[in-house]
Every structure is written in C-alpha cells, then in structure tokens.
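Work through the exercises below with the structure in view. Each solution goes step by step.

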Amino acid sequence: MSPAKKKLGSDQKLLLRLCGIVLVLIVGIAVLAPQETKDSRPSTYNANPQGVKAAYLMLQRLGRAPVRWTRPLSELSATDASHTTLVLADPLYNGADSKELAAEVEKFLQHGGRVLATDASGALLLPHGAAKARGTLQNPLCVTTPEGPGPLARAGRVELTEQDQWGGEGPLFRTEQRCGNDPVVVRYPVGQGEAVWWTTATPMNNAQLKLDPDLRLLLASLDGEHDAQPRTIVFDETLHGATRSIWDASKGLPLGWLALQSTLLFVLLVVSFSRRRGPIRMPVAVPRSSPVEFATSMGDLYEKAHVTSAATEAARRRLLQILVREAGVSQYTVQAGPDAIAEELHARLGGDWTLLAKHLHAAEAASTRTTPRSALALVRALSEDAESIRAKLEPTLQ
C-alpha cells in the first residue's frame, strides 16, 4: 500500500473516532440534561394549569373568534381599535422597550381600544399605570371583596393570588375588587377607550376558569359596559417570551466572536485537508540498469555483513551442479567427497583434477573467519574449475 493511501486511511479512522466522540457527547447531554420545567406563561398556546388556552377555546365556542397577536404592537394601528380588546396577560419585555410599548398601548386606547393588562409589568404599559407591593402582613391567597356597582364588581367574590396592588391614586381610577384594603381589580378611561388591570392573570388561567366568578370577571373585562356589539378579542403573544425577529433573539450574544471563531475553524479545516486531498503523484520507480548492478549490490551487502562462507558455499554448489548435470558425475560420487569426484573426472575426461579436489576441500572448510581476500580467491578458483570442465566437455558435445 502506498504512503498516500495509508495516510488517507488514518485520516478516515481519526474522523470516525471524532464523530463517535461527538455522538456520545450528544447522547450524554440529552440523557443527563435536566428536564424542561412546565411552562407557566399565561399564553393561549399553553395547556398547563397556568396557561390561558381554555379561555381562548371557550371564546371560540362562544363565536367570538379570538385572535393570537404575533406581530409587533406598533401594527395595532391597523386594527379597528373601537371594536377590539387587547389582552396583555403578565407581559414580558426588556426595560429599554417599555416606553415604546407603553406609547403603542396608549395610542390604541386613545382610538377607542380596550386593554386588559395583568401583573406589575402590565400596569407599566398602561397610561398613568403603576403597581406597588401588597401589604406585608396580608396573605397572598385571598377571596376578593367587590366594591361598587360596576360590571367587574358584579362578577362576585373572586379567588386569586395577589401579586401587587394598584399604585395609582385619584378619582380617575375605579376600584372594582379588593384584597383587604389593596385594590387588585381596577378600571379607568383613557381617551375614547378603557383600561382594565388585574393583579394577576390567575382568574383567566386553565385551572381557575371553571369557577363562575372568574369566568364572569373575564367576560365583563373583555367588553365595555356600553358596547353595542361584542369586541374582537386579541391575545398578545409577542410579550410571552416569543421574540419578534431573529435579530431580537440574538441581542446580547457575542456574534462577532462566534463568526471569527467559525471563520478560523473553516480556514484550519481547509488548510489541513486540502494538502492531503489534492492530486497525488505516484513515486518515481528507478529502474535497475543491468544485472551487473544487482551483482555489485549483493557484493556490497556481503562485504558490509562480513559474510564470506555464503559466497564460497554458493560457488561450491554451483560447481557441484555442473558436475552432476553437465559432466555426468553421479550423485553417489558427489556425496563420497572431492577425491572421488577427481578420480571419476579423470576416468571420464582424462587429465589431472587434483586441484579441483583441493578447491572443494577448501570450500567445505571455509567459515565466517575466512578473510574476504581469501574467499574471493577461492570463489574465482571454483569458477575457473567450472569453466575447465565445460571446456573439456565441448569436444564431446560437438
């Protein structure tokens, strides 16, 4: 396998390991993360006890066609304010936006609109609105005491949890329900419209709407006493934690640093992977120029390892193969030893072969202690013996 393929395989294994670690982290966070708490917002989408979905569905059953408002309050100017009631149930908003929101609510009221707001946050959005803490010695759970002949007082004694009391003073404000001495349900005119304030949104939530006084209080608060026809009920959802735009959700986030880090990470990925994913050139294979180069290389290896017996043994075996295959010397004679080989060659080819026997004896006795010079001389002698045998055999072959 080429180094490039090995490198690619190691990169893939590393990537798979990283993906596995990320997957384990995701599963662990999903399992160990704390469970989401129940939604306590008085929203028409919320079916929990603190939600007001039951009121929204009840108005639908009555044929009132309530509306969920999910646009900015500045667009309320496009509605028919004189026939519309805006419900601001425990609104949530940034303090920096309170003046802008209050101005839009006042504009809606001046054009004949009706607003039902709850909690201290709702009071701050009403003109001249203010709330203050309830009496410290008073139990927050109370059954209200109706005050006066007004339509909200005629709803009867309402069970609720007092959060704050109305802080405005003067003949303009008409208290309809009290908890002890604290005004908790108040209404007052603003321009051509009317504002209604409750200390809490509990009379309209899913858990308490089944109580008759709570239901009567809600219906009396939605319509004016002198309205000729029922109003369109608009439940605001933009101030229940739902953001108006993506940019609103991003407020306070370090988007600049996030973008810079993401850019640096992208650059690092490109730099680290592009080098390995680019065109790969196969390594140049240097061809062997000639068999002589191979022989020279093998000689260099033997010389570096100081191996002389291997060279002499190879030359001896080569000579024995020539004797058996070409000169016809029997295997039995070869096993008998160099002297027997010399006698059989004398009988077959004539001549004196005692020098060949001497060379074979020397090759058998050679060891690693033989000097390179002596080993080279012995190998040359064995090669010359082989050439002498072939020279004797040539007349016979012809």
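Accessible areas come from the Shrake-Rupley method with a 1.4 Å probe, and for residues only the protein chains shown count as cover. This is a predicted model, in which local features need pLDDT of at least 70 and side-chain atom pairs count only at pLDDT 80 or more, while totals for chains, interfaces and linings use all residues. Residues are numbered from 1 along each chain as its sequence is written, and side-chain values use heavy atoms, leaving out hydrogens and water.

**Exercise 1.** Describe the surface and the burial of the chain.

Step 1: the accessible surface comes to about 24600 Å², and 59% of that belongs to carbon and sulfur atoms.
Step 2: of the 398 residues, 35% are buried (under 20% relative accessible area, 1.4 Å probe, protein chains only).

**Exercise 2.** Work out how H2 and H5 are oriented and which residues join them.

Step 1: helices are DSSP runs of H or I with at least four residues, numbered from the N terminus.
Step 2: the axes (lines fitted to C-alpha atoms over the stretch in contact, with angles from 0 to 180 degrees between N-to-C directions) of H2, residues 53–61, and H5, residues 212–222, come within 13 Å and cross at roughly 65°.
Step 3: H2 and H5 are therefore roughly perpendicular (65 to 115 degrees).
Step 4: Ala55, Met58 and Leu59 of H2 make the contact with Leu215, Leu218, Leu219 and Leu222 of H5 (heavy atoms within 4.5 Å).
Step 5: the contact of H2 with H5 has seven nonpolar, no polar and no charged residues (Ala, Val, Leu, Ile, Met, Phe, Trp, Tyr, Cys and Pro count as nonpolar, Asp, Glu, Lys and Arg as charged, the others, Gly among them, as polar).

Terms used: Buried means under 20% relative accessible area, exposed over 50%, partly exposed in between (1.4 Å probe, protein chains only). Helices (H or I, at least four residues) and strands (E, at least two) are DSSP runs, numbered from the N terminus. Angles under 35 degrees count as roughly parallel, over 145 as roughly antiparallel, 65 to 115 as roughly perpendicular and the rest as oblique.
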